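Please look over the sequence and the model shown here. The paragraphs after them go through the chains in turn.

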Amino acid sequence: MTQLAQSKAAVSIVQAAPPLFELRGISKEFPGVKALDDVSFSVWPGEVHMLLGENGAGKSSLMKVLCGAYRADSGSFHYNGEKVEITSPADAQKLGIAVIFQEFSLVPYLDIAQNIFLGREPAGRVPGTIDRKKILADARHVLDSIGFDIDPTIRIEKLGVAQQQMVEIAKAISQNARILVMDEPTAALSDRETELLFALIARLKADGVAIIYISHRMAEVFSLGDRITVLRDGRRIDEVQPGAVSSDDLVRMMVGRSVDMSYPRTFAQTPGKVMLEVKGLSSSSGIAGIDLVVRQGEIVGLCGLVGSGRTEVVRAIFGADKATAGQILFDGQEKSGGPDEAARLGLALIPESRKAEGLALIRSVGDNLIVSALRKIFPRGFFDQGKSRQVAYDLIRQLRIVTPSDKQAVGLLSGGNQQKVVIGKWLAAGAKLFIFDEPTRGIDVGAKAEIFALIDRLVADGAAALMISSEQAEICHVCDRAYVMCDGRIAGELARHELSEENIVKLGMHHA
Amino acid sequence: MTDISKPIASGRMLLSDEMIQVFYRLLAAFLICAALTILTNSFFSLGNILNVLRQASLLFFIASGLTLVVLTGGLDLSIGANVAISACVAGTVIHQTGSPTLGVLTGIGVGGAVGMLNGVMVTALRIPSFIATYGMLWVLHGITYWYMGGETMHGFPAGFRQIGSGYFLGLPIPVYLLLVFLAIGTIFAQRTTWGQEIYAIGANPVAARLSGIPVARRLLLVYTVSGAMAGLASIIFLARLNSAEADIGESLTLPAIAAVLIGGTSLFGGLGTVFGTFVGALILTLVLNGMNLLSVNASWQPLVTGVIVILAVWLDMKTRRRAA
């Protein structure tokens with residue numbers, strides 16, 4: 001870390017010059033959401049600029065604007081003090097901006113050298129061929145320059161995550177990247193690999209590369225960052241020096257999002273019997289030792305950062321992922337089968353992606369509403385169109401689903417109405433425990449209030465609900481209790497009076 | 001967009017897309033009949049029309065089971081080879097035991113068993129149906145060729161041959177079977193919860209699973225039914241030809257897929273009807289029959305089949321409301 005300390009000292013001298021790259025007043029709007037709102041931000045060569053914010057604070061949007069995937073609605077970019085345009089990925093590349101996403105963009109069946117020079121292969125002597133010798137020599141040179149000692153003829157599929165990340169960085173360097181954007185680069189790395197990455201970052205800093213670093217780990221924010229910018233609700237909250245703030249200060253800056261709270265909630269005074277009890281649940285998708293309880297009449301929150309294992313927990317409970325250890329008791333009965341058993345017992349899953357996992361978009365509203373209730377409505381196995389339509393009509397009326405007809409293809413409805421159809425299908429099935437995974441994702445404010453009123457009514461009528469949400473304010477507003485996840489485990493439980501955005505963020509942060 | 005308060009939908013809405021599409025197809029079949037009646041002297045005769053129906057029925061048996069597979073978003077390429085092996089094994093059983101009943105049960109049983117094996121590959125081993133059944137095609141061909149050793153089986157009991165060439169009240173037996181299986185297939189697909197679940201699986205298998213549908217069990221059923229229908233077709237084939245060879249059903253797979261597609265079932269799953277496939281089989285048979293009657297060179301038949309398939313699917317895509 002001494003290396004880092006030295007380069008930190010160097011930065012203060014450099015700052016007299018104009019920044020290498022600067023964003024002024026960048027805004028980006030999507031229907032219903034202001035993803036970026038007048039964000040200004042700058043980096044100097046040889047500095048690590050930390051970007052901090054909750055899920056949905058605007059980090060990803062900012063990154064996508066930087067790499068040219070999104071086009072900013074307003075604002076300007078300045079390179080070495082000169083105004084420039086970024087309207088396409090090619091523009092960003094020309095300016096020397098490279099983004100290392102969490103999902104790498106490498107081709108698994110090509111080797112390291114081919115990946116580094118993908119699309120820029122040096123031509124061979126015969127037209128249409130590639131100069132393999134030159135590719136290998138150039139690849140070795142680039143790998144050397146970042147201190148990565150590996151044979152460039154190894155195929156990407158043979159590499160681990162850390163090595164693939166190194167290849168991504170080598171690729172960026174080979175394109176003369178001067179501004180490197182890294183999205184949670186240590187998220188999937190071991191301690192040893194993290195050290196190697198930090199050494200590389202120090203090396204890049206010394207070479208004058210500017211690094212924009214997105215992180216959720218407080219420790220590295222302080223040890224690595226030269227400056228810290230906090231985003232919230234698409235706005236830049238503040239820019240601070242790591243020496244001048246504590247981690248509590250940063251958490252306070254990150255929380256306090258403005259969310260509409262007009263939906264009422266009548267909290268149960270005495271929760272009912274235990275509906276769901278999970279003991280030591282683990283699954284192959286990376287969650288381990290999960291214990292949780294949901295009682296009748298409760299809405300229990302499940303929070304944590306994206307990728308902390310929230311969805312994996314509910315998938316394992318529902319039987320969509322196979323549990324590798326532990327026990328799931330539903331209404332006192334042990335449950336071990338797949339989603340069909342879960343549905344039969346009275347569990348309901350309202351998945352995060354309505355379109356991919358919740359609905360058959362080409363089928364009608366009516367067909368989608370009764371799909372989980374077929375066995376219940378027609379126990380003898382004979383399907384009756386009239387009866388099915390009657391059930392669908394009742395649900396359409398009860399949930400106030402706005403559709404011209406029950407025959408309308410569900411894919412043509414608005415997001416909020418689609419979500420109501422997904423919930424309706426479980427109402428028809430007579431579910432007793434509703435598991436919501438981001439129930440208000442992509443839904444406008446009015447529909448959100450309706451969805452929450454609906455959930456409230458469900459639990460008031462004796463059902464139970466487990467709800468994943470990235471909106472901490474929502475969790476605080478509607479939940480009786482909440483569990484907070486971090487790295488595939490439950491990091492803690494918050495009772496009603498302890499529920500605050502600050503507490504959720506604190507528990508959900510990596511403290512390693 | 002208005003809120004609906006009672007179960008009445010306006011005019012056109014009462015007709016589903018599927019009903020409209022089947023109506024257009026029936027219209028097309030009728031127009032082909034009308035044209036052939038005018039253009040030829042021999043089309044509009046009882047003998048020829050019964051002949052068309054008998055040929056269409058054979059195609060329909062294979063294609064109806066296939067329709068269910070395609071409705072789930074899968075494909076069964078092994079049906080032709082399945083017909084061959086079922087026919088040869090059933091033929092042997094009839095020769096050995098002299099019992100047509102046992103032969104019929106064997107044919108359907110072998111076909112169903114092959115189909116179930118396909119289902120196991122698709123569900124338990126998660127091999128894409130296209131590949132699993134394509135591999136099965138070769139395996140079945142291999143077994144059948146080895147089993148028959150280039151021989152041909154001849155001469156079955158007259159009672160058995162009735163299934164393929166007999167008449168009852170002036171209509172060929174296969175036409176009765178056609179009506180029976182058309183009714184069963186339609187009721188199964190439209191009027192049972194399993195049928196509804198099959199549509200749901202084809203429209204979105206992930207959502208179907210997360211909605212509590214036992215997807216693997218339904219797929220196993222569908223592939224087994226497809227195989228059993230190939231087995232049934234093999235019996236009719238055997239009884240009609242009164243002989244069996246190793247390559248007996250080889251040429252049936254592609255026409256059956258054509259009948260399904262012409263019938264309006266989407267290869268992506270979730271859309272289509274068994275009745276549509278019947279009309280598809282009828283249209284295909286009518287066109288080929290008409291070309292024979294008009295003495296068109298037989299080498300044009302595949303070309304015309306191809307053009308009809310492409311046209312039918314293209315028109316479906318144009319008329320279907322896009323929701324996905």
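What percentage of the 324 residues of chain B count as buried? The share is 49%, where a residue is buried if 20 or more other C-beta atoms lie within 10 Å of its own, exposed if 12 or fewer, and partly exposed in between, with C-beta atoms placed from the backbone. The model is predicted: local features need pLDDT of at least 70, side-chain atom pairs count only at pLDDT 80 or more, and totals for chains, interfaces and linings use all residues. Residues are numbered from 1 along each chain as its sequence is written, while chains are lettered from A and ligands numbered from 1 in the order in which they are written.

Chain B has 13 helices and four strands; helices (H or I, at least four residues) and strands (E, at least two) are DSSP runs, numbered from the N terminus. The radius of gyration of chain B is 20 Å, close to the 20 Å from the globule rule for 324 residues, so chain B is as compact as a globular protein of that length. That radius is taken over C-alpha atoms, and the rule is 2.2 Å times the number of residues to the power 0.38. The C-alpha trace of chain B spans about 70 × 55 × 35 Å along its principal axes. Of the contacts in chain B with a separation of 6 or more, 79% join residues 24 or more positions apart; two residues are in contact if their C-beta atoms, placed from the backbone, lie within 7 Å.

Chain A meets chain B through 38 residues of chain A and 33 residues of chain B. On the chain A side, the elements giving two or more residues are α11 (339-345), α12 (354-358), α14 (374-377) and α15 (385-398). This side divides into 22 nonpolar, six polar and ten charged residues. Here Ala, Val, Leu, Ile, Met, Phe, Trp, Tyr, Cys and Pro count as nonpolar, Asp, Glu, Lys and Arg as charged, and the others, Gly among them, as polar.

Within chain A, the domain assignment gives domain 1 (2-96 + 179-254), domain 2 (108-177), domain 3 (258-346 + 432-512) and domain 4 (361-430); such bounds come from an automatic or database domain assignment. The C-alpha centres of domains 1 and 2 of chain A lie 26 Å apart. Ten residues of domain 1 of chain A are in contact with ten residues of domain 2 of chain A.

Helix α10 (residues 310-318) of chain A is mostly covered, with nine of its nine residues buried. Just after α10(A), A:G319 takes a positive phi of about 90°.
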